[in-house]
Amino acid sequence: MLRKILQILFFMCVIVVSGCGDNYYYDEHMQMEVLQLDSDLENRWSTSGVVVNSITTGGPADKAELSPGELISYIIGEYPIGTVADFKRAAKKAMADDNNMLLYLKDKQPIRIAVRKTADKIGLEVEGNNPVRIKKIIPGTPVANIGNIQVGDIVDKIVDERKIQGLDDYKKSINEFAELGSTLTFRTTELIGVKIAAVTALGNLGDARAVDSLIDILKNNRELALRKAAARSLERLVALSELNPLFQQYQQEDVNQLPADILDSSQLQSAEILGLLLVNPTANTATLEAPFGIQFRHRSEALHQKVNEGQLVKLVEEYIQKNIEPDQEIRRACLSMLGILKPTTAIEPLAKVLTDQSEIPGLRFQAGLGLSRIGPPAIDALMTIFNEADPAAQDIAASALGNIGGAETRDFLISALDTTNDPAIQLTLVDAIAKIGDEPSLSALQRQRERFQGDETAIRIFLDEVFGSLTTSEE
């Protein structure tokens, strides 16, 4: 499915005007048709060349293993050198467009020779036939400063690399190479921008069928930019899947608008941020946006089931580990997905990231956030981290415990505040206890205020602010 979508999006980005010869060219020499690259595509992704549209089976292009959809950015011609005339003609042709060429000498590495302007001499004189040898190196010329060229070296060939900007460059180069009987090779590149757009589109569609394709890209594609795009798209699909309860209400009523006050406010906010619906507080309505929001109400249940079937969870649990996935952006997306999916199997992998002192702080924080979202099943792991890990991990664990709440967590945080001397962690513990905000929490904070009575420290000031806000809200 991904290959088909990539092909569709690709050809949408290529100009093909029926009957207009300015946009395509049939190459008789290579027996293939090439297309002009859309100028908009060129401007957006800083790429140039011509695109292979179709290939005659068994022809030279087919034998060269070119494929439809490839972007030809360079044509490389090899001029065999058998006579002095061959050398002069090949050197002149190779230097004509870009003032540089590759010289191949027998038993030596290829040497790039470049001049400042077309009229400049390269500085070589040759003699002989089959083989052609270097006769003279002229002082003050570009080759005079290249230590790897010596009088008597045998010239094997000259290689001319032509950068292809468009159809005119392609026609000129292919015809000149053909006249000289050059052996051709093609340097092709992938339209990575188009592929990224296609992978991003898979995430925006909200379709369960995209999950397997995106997982395959993340696991098996060698192009980092595509893997990053796949991770972001999977992250979006996971976020969309979490909204299934909300969209099932629309689906069950078979409507595209519902009263806003009967819907979960947090899910409404998330759906609005994702561009799925529009909330009108005055009219008390939540209306699905066309077309995507309306389409998604039919897709949400299938996506929810696909995302939660286990395959994705297993993958992202592995890919949050930097020994498996070195890219930070991909690891961040995987941590975010675990925070939404909340599998208890992720507790140990998340704890490993949180306690890894060599990990970047943002990812350690994201791991702690994931543990807090898993909730009560993660309490024991967070307590262990607080008791045994480094101060940065302790700080994150304390905050996560405060987010989870509950009597067990509250008592642990209060005990930790009584025994901790690190000012930074004390502040986090106070904030975590304040989040719980029940009567024992208030009593504990009051005791801490008395403990620091008369001090003008940050902890005392913060305690006054937190305790004051809690008691005011109770009134």
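Arginine 187 lies over the face of tyrosine 74, at 4.6 Å from the ring centre. Lysine 157 does likewise with tyrosine 104, at 4.6 Å from the ring centre. A charge counts as over a ring if NZ of Lys or CZ of Arg is within 6 Å of the ring centre and within 35 degrees of the ring normal.

This is a predicted model, in which local features need pLDDT of at least 70, side-chain atom pairs count only at pLDDT 80 or more, and totals for chains, interfaces and linings use all residues. Residues are numbered from 1 along each chain as its sequence is written, and side-chain values use heavy atoms, with hydrogens and water left out.

**Confidence**

pLDDT is the predictor's confidence in each residue, from 0 to 100. Its mean over the chain is 85. Of the residues, 88% reach 70 or more. Residues 1–21 stay under 50, and the model has 33 contacts for them beyond four places in sequence. Contact means heavy atoms within 4.5 Å. Residues 40–46 also stay under 50, with nine contacts beyond four places in sequence.

**Aromatic pairs**

The structure holds six aromatic pairs. Rings of Phe, Tyr and Trp (its six-membered ring) pair if their centres lie within 6.5 Å; planes under 30 degrees apart count as stacked, over 60 as edge-to-face and the rest as tilted. Two of the pairs are set out here.

| Pair | Centre distance | Plane angle | Class |
|---|---|---|---|
| Tyrosine 79 and phenylalanine 177 | 6.0 Å | 45° | tilted |
| Phenylalanine 247 and phenylalanine 296 | 4.9 Å | 80° | edge-to-face |

Tyrosine 79 lies in strand β4 (residues 71–80) and phenylalanine 177 in helix α5 (residues 167–179), so their pair ties together parts 98 residues apart in sequence. Helices (H or I, at least four residues) and strands (E, at least two) are DSSP runs, numbered from the N terminus. Tyrosine 79 and phenylalanine 177 are both buried. Buried means under 20% relative accessible area, exposed over 50%, partly exposed in between (1.4 Å probe, protein chains only).

Phenylalanine 247 sits in helix α9 (residues 244–253) and phenylalanine 296 in helix α11 (residues 292–307), so this pair ties together parts 49 residues apart in sequence.

**Helix α14**

Helix α14 (residues 347–354) is largely enclosed by the rest of the structure, because six of its eight residues are buried. These are Ile347, Pro349, Leu350, Ala351, Val353 and Leu354. The buried residues of α14 pack against α12 (311–319), α13 (328–341), α15 (361–374), α16 (379–388) and α17 (391–404).
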